[in-house]
Amino acid sequence: MDTVKIGIIGIGGIANAAHIPAYLQDKRTEVVALCDIDRKRADTARRKYFKNAAVYEDYMELLANEAVEAVDICTPNYLHAEIAIEAFRAGKHVFCEKPDAISVEDAEKMYAASLEAEKVLMVMRNNRFNENSKYLKKFIDKGRMGEIYVAKTAWKRRRGIPGKGGWFTTKELSGGGPLIDLGVHMIDLTWWLMGCPAVDTVSGNTYCKFADNNASDSVHAKFGDRVENGTMDVEDLAIGTIRFKNGAVLQFETSWASNIGKEERFVDLYGTKAGAHWDGSKNEIYYENPKGKQCTHIVNENDIIGDHALNLMNFIDVIQGKAEPLYTPQQGIAMMQIIAAIYESAANDGKQVKFAD
């Protein structure tokens, strides 16, 4: 298979910002179909980028197109599982934007459908493909950090609620607020760097304090369509702790709105041989040299190709049998279990949720 023929479902913010640019630079792909319930969006993408693509408003019609070999789902969260399962029934490979689904059960159904269809399922985990993430992962896997026993991660915004009033802030459609939107990125990246240890317990709290605030200073707030006087029944901040069966602890914080100095995202790792700070643009490695001097080594691996594009390229490599996936559906199910348990804990005043042995 020299060229993989792609159908994109959902031509909104993330499709235009990350997925379409990725396909335009990967000559192994050809976008042959576009679908959006707002046909103007699909027509615009066809006119600007994919002049020979078929255009649809109903994703089932796109799935009936035999030319489509793989679909890329960029819709609101609640549709991820529904569309993926139908795509597998139609014999297509599936790439899906994060989160995997809005429930553990839906993520499990997606995986089962992929196995039955014998097709590839991959969900966006672009931070794993960041060049600085890959450098740090290799550093850790060589044993140079020793035992990682504590980790901290956060993605915090001063003001950056996406699509306020629309599907992003409606729990039935999104599954939650910044925990499922940003936490699926940062908790996953930290967990992956730590070696994906088994979870023992989680505890968390969620807050919604900025429902009446319309200020925005984050480019990320542009995602989604704002709806005046719409719904906001999700959190704007989540904070908590994940304890692993190997004794390690991960503390996390995600927010769309907080009274802080500026937006930031980071991973801090505390190891017995070294520590590390990741912020996407660089790594800072903290260690003690043979003479006992405290040292800091800064590594900046430039992204020649964006991490979203690298993630999609890995998907194509896997379809063509040229590589193993850097993310597996089983890891996606585990991540959804963590997020669901945090929401369960928050609904019970932060009471600890125990995972099965």
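Student: What order do the strands take in the open sheet of 9 strands?

Tutor: In this predicted model, the order is β14-β13-β12-β11-β7-β10-β9-β8-β15, and the pairing is mixed.

Student: And which strands stand at the edges?

Tutor: β14 (294-299) and β15 (353-354). Each has a single partner strand, so one side of each is left without a neighbour in the sheet.

Student: How many bridges are there between β13 and β14, and in what sense do they pair?

Tutor: There are 6 bridges between β14 and β13 (residues 283-288), and the sense is antiparallel. Glu 284 has Ile 298 in β14 as its bridge partner. For Ile 285 the partner in β14 is His 297.

Student: What about the turn there, which residue takes a positive phi?

Tutor: Gly 292, with a phi near 85°. That hairpin of β13 and β14 has 5 residues between the strands.

Student: How do β12 and β13 pair?

Tutor: Also through bridges, 5 of them, in the antiparallel sense. His 277 is bridged to Glu 284 in β13. The hairpin of β12 and β13 has 4 residues between the strands, and Gly 280 in that hairpin has a positive phi near 90°.

Student: Which helix has an axis that comes within 9 Å of the α10 axis?

Tutor: Helix α5 (residues 104-117), and the two axes cross at roughly 170°. An angle over 145 degrees counts as roughly antiparallel, and α5 and α10 are therefore roughly antiparallel to each other.

Student: Which residues make that contact?

Tutor: From α5, Val 104, Ala 107, Glu 108 and Tyr 111. From α10, Pro 329, Gln 330, Ile 333, Met 336, Gln 337 and Ala 340. By class, the contact of α5 with α10 has 7 nonpolar, 2 polar and 1 charged residues.

Student: Now α6 and α8, at what angle do they pack?

Tutor: About 30°, with the axes of α8 and α6 (residues 131-141) 10 Å apart. Angles under 35 degrees count as roughly parallel, and α6 and α8 are therefore roughly parallel to each other.

Student: Which residues of α6 and α8 meet?

Tutor: Ser 133, Leu 136, Lys 137 and Ile 140 of α6 meet Leu 189, Trp 192 and Leu 193 of α8. The contact of α6 with α8 divides into 5 nonpolar, 1 polar and 1 charged residues.

Student: Changing topic: what is the strand order in the open sheet of 6 strands?

Tutor: The order is β3-β2-β1-β4-β5-β6, and the pairing is parallel. β3 (54-56) and β6 (121-123) are at the edges with a single partner strand each, so one side of each is left without a neighbour in the sheet. From one strand to the next, the twist averages 25°.

Student: How many bridges join β5 to β6?

Tutor: 3 bridges join β6 to β5 (residues 93-96), and the two strands run parallel. Cys 96 has Val 123 as its bridge partner in β6.

Student: Where does α2 pack on that sheet?

Tutor: Helix α2 (residues 39-48) touches β2 and β3, and its direction makes about 165° with that of β3.

Student: And which strands does α1 lie across?

Tutor: β1 (4-9), β2 (29-35), β4 (70-73) and β5. The angle of α1 to β1 is about 165°.

Student: Which elements give two or more residues to the lining?

Tutor: α1 (13-25), α4 (80-89), α8 and α9 (307-319). The largest share, 5 residues, comes from α1.

Student: How does the lining of the largest pocket divide by class?

Tutor: 23 residues are nonpolar, 13 are polar and 12 are charged.

Notes. Residues are numbered from 1 along each chain as its sequence is written. This is a predicted model: local features need pLDDT of at least 70, side-chain atom pairs count only at pLDDT 80 or more; totals for chains, interfaces and linings use all residues. Side-chain values use heavy atoms; hydrogens and water are left out. Two strands pair if DSSP finds at least two bridges between them. Ala, Val, Leu, Ile, Met, Phe, Trp, Tyr, Cys and Pro count as nonpolar, Asp, Glu, Lys and Arg as charged, and the others, Gly among them, as polar. Axes are lines fitted to C-alpha atoms, for helices over the stretch in contact, and angles run from 0 to 180 degrees between N-to-C directions. Angles under 35 degrees count as roughly parallel, over 145 as roughly antiparallel, 65 to 115 as roughly perpendicular and the rest as oblique. Contact means heavy atoms within 4.5 Å.
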